[in-house]
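Here is a quick tour of how two chains meet in a model. Have a look at the sequence and the structure, then read on.

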2 protein chains.
Amino acid sequence: MSLLIVGTVAFDSIKTPFGKIDKTVGGAATYIALSASYFTKKSGIVSVVGEDFPEATIKEFNRRGVDTSGIEVVKGGKSFYWSGSYHTDMNTRDTLVTDLNVLADFNPVVPPAYLNADFLMLGNLTPIVQQKVMQQMAKRPKLIVMDTMNFWMEIMPKELAETIAMVDVLTINDAEARQLSGEYSLVKAAQKILGMGPKFLIIKKGEHGALLFNKEQVFFAPALPLEDVFDPTGAGDSFAGGFIGFLDKSKDISFDNMKRAIIFGSAIASFCVEKFGIERLLELTDEEVEERVQEFIDLVQFDISLV
Amino acid sequence: MSLLIVGTVAFDSIKTPFGKIDKTVGGAATYIALSASYFTKKSGIVSVVGEDFPEATIKEFNRRGVDTSGIEVVKGGKSFYWSGSYHTDMNTRDTLVTDLNVLADFNPVVPPAYLNADFLMLGNLTPIVQQKVMQQMAKRPKLIVMDTMNFWMEIMPKELAETIAMVDVLTINDAEARQLSGEYSLVKAAQKILGMGPKFLIIKKGEHGALLFNKEQVFFAPALPLEDVFDPTGAGDSFAGGFIGFLDKSKDISFDNMKRAIIFGSAIASFCVEKFGIERLLELTDEEVEERVQEFIDLVQFDISLV
């Protein structure tokens with residue numbers, strides 16, 4: 001097992017201006033694993049579900065090279081359930097329901113086959129669960145990427161700071177970067193957050209793209225201008241999954257290769273939003289991914305020779 | 001005269017979270033001409049000022065190769081005056097005062113030396129004045145670039161549409177593109193606006209960069225992530241000035257060269273916001289501009305070879 005993914009595997013009900021879907025398969029680890037599977041076939045998920053979780057989805061994971069032996073099935077339990085409704089601009093949403101269910105008592109156990117994974121992706125979860133996973137690893141992975149959200153900044157800032165200090169790459173959105181750092185300027189926010197421990201910071205700006213920082217460099221990747229955004233659910237996780245999947249495939253964690261990984265992650269995310277939930281990720285072809293990456297190249301590349 | 005610039009030459013009072021400045025020289029044509037002067041030395045302004053306008057600024061224009069014989073000085077008149085106050089996020093502002101003064105009766109007269117200009121930049125003004133300038137030209141310029149704003153969309157949509165149909169490149173911000181087209185998606189908005197006549201559309205997204213569209217292609221240029229934005233006044237006009245100045249210098253109006261022009265325009269705009277009003281534009285060196293363009297290259301360039 002080369003890539004270990006930790007995060008929710010769950011059900012979502014989603015409403016957007018274009019329609020709604022009830023109790024579809026979702027969750028951070030689901031989006032991450034499906035996206036990463038376009039690049040690597042040696043990943044595994046650590047998560048927890050209830051007896052209600054569909055066997056068909058587990059088989060779909062396995063068919064794509066995603067090991068599911070680390071997904072604990074709680075007898076008589078119900079899977080994590082989230083329901084949300086997007087506003088017209090698609091950039092903001094209201095959470096209608098959050099039923100933790102089996103997630104409330106989740107105590108992650110990393111299977112032996114995963115203990116030496118080189119790449120570890122910590123999807124958004126309580127920082128305590130994220131820490132527990134890192135502590136179980138037999139050796140320090142080459143790269144640990146962590147996603148988190150404003151909720152943890154509010155209710156457990158101390159535990160969150162401890163967890164952030166243990167990882168290599170932190171991914172958050174622009175509002176969260178401002179909240180975490182207390183700085184409005186994203187450049188200043190980035191330097192403060194890098195001072196908290198991580199070597200790299202990715203600031204996700206949704207339709208405005210993403211920024212990658214280390215202490216000396218900055219890289220900007222745009223989001224592809226799309227005719228329609230059908231459902232933004234999972235876009236950030238798809239981005240993260242494409243990012244770490246590409247890094248795992250290429251085994252190169254230089255800044256230059258992270259730039260490439262961000263473009264591939266952005267490409268996968270741009271597909272994710274075209275249909276409801278994981279629908280588009282399930283039907284994607286390698287050719288489509290390559291074509292989309294070419295669109296990104298065409299979108300931003302220019303040729304200036306300074307003397 | 002190779003580049004004709006039409007727009008306000010005026011006074012501004014500006015308040016930002018960092019301080020305030022009273023009655024400093026501003027106006028769209030001022031920012032455009034100063035920015036363009038880093039690339040071309042054969043430009044001229046058509047505008048109107050009052051007797052209160054400082055002779056020192058006129059001399060500064062001339063020193064930079066900007067001809068001012070097309071700036072009418074109204075005896076006993078007062079120059080256009082605008083006062084505004086920026087909110088903490090610097091993306092929104094309140095207009096406190098707009099005194100049209102001599103601008104109210106502005107009847108543009110294009111001097112004979114400008115009648116064959118190859119490049120025409122129509123800064124934000126009433127569409128009727130913009131039309132009057134185009135009608136006076138002895139020959140159709142190779143490229144006409146037009147800036148406008150939401151105000152004209154509201155009070156004279158018919159005249160605005162007529163004017164837009166006469167130009168090659170329209171520059172507006174994202175909110176204005178949505179307002180003008182009635183489409184929320186910028187991709188759809190762009191195609192609708194290109195259907196109104198212009199061959200190219202530039203959508204300015206402030207700190208989120210700029211998009212260049214024609215009917216087949218799209219290019220995205222980021223804004224440079226800055227530690228501090230001191231005063232955003234004139235950023236859009238500096239962008240336009242750098243854009244058309246670079247095109248005039250290189251005499252190449254292909255899509256690929258417009259990409260380069262947008263990067264140079266973005267570089268100039270990134271300087272503009274570092275100090276109050278036109279202060280930073282006055283002290284800029286060619287070396288600084290080149291260094292900044294290199295920062296843009298480093299910010300967005302990546303190397304992906306698809307097989």
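## Where the two chains meet

Let's start with one link: Lys188(A) and Asp228(B) form a salt bridge, and their closest N and O atoms sit 3.1 Å apart. Keep in mind that this is a predicted model. Across the interface of chain A and chain B, six salt bridges turn up. Polar contacts join 16 residue pairs between chain A and chain B, with both residues at pLDDT 80 or more.

Which parts of chain A supply at least two residues each to the side that touches chain B? They are helix 7, strand 14, helix 9 and helix 11, listed here with their residue ranges.

| Element of chain A | Residues |
|---|---|
| Helix 7 | 186–194 |
| Strand 14 | 218–221 |
| Helix 9 | 255–272 |
| Helix 11 | 286–300 |

Helix 11 of chain A gives the most, with eight residues. Sort the residues on that side of chain A by kind and you get 20 nonpolar, twelve charged and five polar.

Now for the interface as a whole. In terms of contacts, 37 residues of chain A meet 37 residues of chain B. The size of an interface is often given as the accessible area lost when the parts come together. Here chain A and chain B bury about 3600 Å² between them, and 60% of that is on carbon and sulfur atoms.

Finally, a look at the core. The largest nonpolar core has 215 residues, and Leu4(A) and Leu4(B) have the most contacts inside it. Leaving aside residues up to four places away in sequence, Leu4(B) touches several residues of chain B, among them Val46(B), Tyr114(B), Phe119(B) and Met137(B).

Conventions: Residues are numbered from 1 along each chain as its sequence is written. Chains are lettered from A and ligands numbered from 1 in the order in which they are written. This is a predicted model: local features need pLDDT of at least 70, side-chain atom pairs count only at pLDDT 80 or more; totals for chains, interfaces and linings use all residues. Side-chain values use heavy atoms; hydrogens and water are left out. Contact means heavy atoms within 4.5 Å. Buried area is the accessible area (1.4 Å probe) that two parts lose on being put together, summed over both. A salt bridge is a side-chain nitrogen of Lys or Arg within 4 Å of a carboxyl oxygen of Asp or Glu. A polar contact is a pair of N or O atoms within 3.5 Å; within protein, one must be able to donate a hydrogen and the other to accept it, and residues adjacent in sequence count only if both atoms are side-chain atoms. Helices (H or I, at least four residues) and strands (E, at least two) are DSSP runs, numbered from the N terminus. Ala, Val, Leu, Ile, Met, Phe, Trp, Tyr, Cys and Pro count as nonpolar, Asp, Glu, Lys and Arg as charged, and the others, Gly among them, as polar. A nonpolar core is a set of buried Ala, Val, Leu, Ile, Met, Phe, Trp, Tyr and Cys residues joined through side-chain atoms within 4.5 Å. Buried means under 20% relative accessible area, exposed over 50%, partly exposed in between (1.4 Å probe, protein chains only).
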